[in-house]
Amino acid sequence: MSTTATTQLPDEVVWEVTNGAVSARALHVVAELGVADLIGDEPVAAHDLARHIGARPEALERLLDLLGANGIFRRDDGGYAHTESSRLLRTDHPRSMRAFARMMGLPVIWNSFGALDHTVRTGAPALGAIDPRGLWSYLGAHPDEARIFDDAMVAKSRGDVAAVVDAYDFRPFPRIADIGGGRGQLLRAALEAAPAARGVLFELPGVIQALPPASGRLAHHAGDFFVDPLPSADAYVLMEVIHDWGDADALAILRAIRQAASPGAVVLIIEGIVPDSDPDARVQTLDVIMLTITGGRERSAAQLRALFHEAGFRLTTVIPTAGPMQIVEAVAI
């Protein structure tokens, strides 16, 4: 029996999934050490790379060969050169994913997957077995790791933001509120696409305090959406926020928005959507990450429809984007 590039024998599939953690961990380590930043347009020998980062050349070489087998870096002229994928690990790449790889390699994240059986047995996030305070309290107590997390979220959103703004017309809304919008990258892009609109970024006080002062059409509003009133707006956007939370907390967030919103106001949940038929590997991976780390989940359109209904909204449409995100639109009733 023969195989092709797109067909594997059953034992090969199981072997690759079983050992996928090895390649992932190699990527985390190489990203943390900043190896990609040391390679420019010309190949660099492993011993030169190792000298710069304080590593053993042979060990580094073996990690790079493993990554090379997965299309990340390549051997060239006695050294290592970039592929299009490895360039994304450079800090200065406009679509850099280095911070995301570093985040997934943080001990609190990586060790949580070692405790995944805790989640399967109890239904509780495995991260709680590592730190009972949960992710957000952990990051609050570890500012260096929190910066990596924030950088990862910004990096991850770069392509997503452009795809969302291309897919959705924000111009009809005089005031747009970005709820839990991090550093406000989506809101700034939406305001650029809607020159007559004004925007308000609602985030935790610590996040707002770390931002440059708001100016022009953009305002900041510090608060906790589980405790504090939300700003009034014509459109509310939540990009990869609802999926951080279980159904009870997700419903509480939507109800807080409904309390602030007038009838006819629009809510946009921007996330990966669980398909109705064949599983999507990216969405299902994110779903298990949420299960393990925060206790949240990726949801289907039907599951979001039910949450919207209970919170006082009516789902109107689901809009695909050029990226992995979809825009689920609902209106306050």
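1. A residue is called buried here when its relative accessible area is under 20%, exposed when that area is over 50%, and partly exposed in between. Glu240, at 15% relative accessibility, therefore counts as buried. The model is a predicted one, and the points below should be read with that in mind.

2. Glu240 sits in the loop between β6 and α14. Its phi is positive, about 50°, although Glu240 is not a glycine. As background, most residues other than glycine have a negative phi.

3. Asp77 also has a positive phi without being a glycine, in this case about 55°. Its place is the loop between β1 (74-76) and β2 (79-81). Is Asp77 buried or exposed? Asp77 is exposed, because its relative accessible area is 73%, and the cut-off for that class is over 50%.

4. On the overall make-up, the protein has 16 helices and nine strands. The radius of gyration is 22 Å, close to the 20 Å that the globule rule gives for 333 residues, so the protein is as compact as a globular protein of that length. Along the principal axes, the C-alpha atoms fill a box of roughly 65 × 45 × 40 Å.

5. Of the 333 residues, 45% count as buried. The accessible surface comes to about 16,800 Å², and carbon and sulfur atoms account for 55% of it. Among contacts between residues at least 6 apart in sequence, 58% join residues at least 24 apart.

6. Charged side chains number 29 positive and 42 negative. The centres of the two sets lie 4 Å apart.

7. Helix α14 covers residues 247-260, which makes 14 residues. From first C-alpha to last it reaches 20 Å, close to the 20 Å expected at 1.5 Å a residue. Its buried residues are Ala250, Leu251, Ile253, Leu254, Ala256, Ile257, Arg258 and Ala260. What do these buried residues pack against? Their partners are the strands β3 (175-179), β6 (235-239), β7 (266-271), β8 (313-320) and β9 (326-332), together with helix α16 (301-311).

8. Helix α2 has 14 residues and reaches 20 Å between its end C-alpha atoms, close to the expected 20 Å. The buried residues of α2 are Ala26, His28, Val30 and Ala31, and they pack against the helices α4 (57-69), α6 (98-104) and α7 (107-114). Just after α2, Gly34 takes a positive phi of about 75°.

9. His28 belongs to α2 (residues 20-33). At 9% relative accessibility, His28 counts as buried. Which residues does His28 touch, leaving aside those up to four places away in sequence? They are Ala101, Met104, Gly105 and Trp110.

10. Tyr138 lies in helix α10 (residues 135-141). With 10% relative accessibility, Tyr138 counts as buried. Not counting residues up to four places away in sequence, Tyr138 touches Val108, Asp131, Arg133 and Glu145. The C-alpha atoms of Tyr138 and Leu127 are separated by 9.9 Å, and the two residues are 11 apart along the chain.

Notes. Residues are numbered from 1 along each chain as its sequence is written. This is a predicted model: local features need pLDDT of at least 70, side-chain atom pairs count only at pLDDT 80 or more; totals for chains, interfaces and linings use all residues. Side-chain values use heavy atoms; hydrogens and water are left out. Helices (H or I, at least four residues) and strands (E, at least two) are DSSP runs, numbered from the N terminus. The expected span of a helix is 1.5 Å times one less than its number of residues. Buried means under 20% relative accessible area, exposed over 50%, partly exposed in between (1.4 Å probe, protein chains only). Contact means heavy atoms within 4.5 Å. The radius of gyration is taken over C-alpha atoms; the globule rule is 2.2 Å times the number of residues to the power 0.38. Accessible areas come from the Shrake-Rupley method with a 1.4 Å probe; for residues, only the protein chains shown count as cover. Lys and Arg count as positive and Asp and Glu as negative; His and the chain ends are not counted. The place of a charge is taken as NZ of Lys, CZ of Arg, CG of Asp or CD of Glu.
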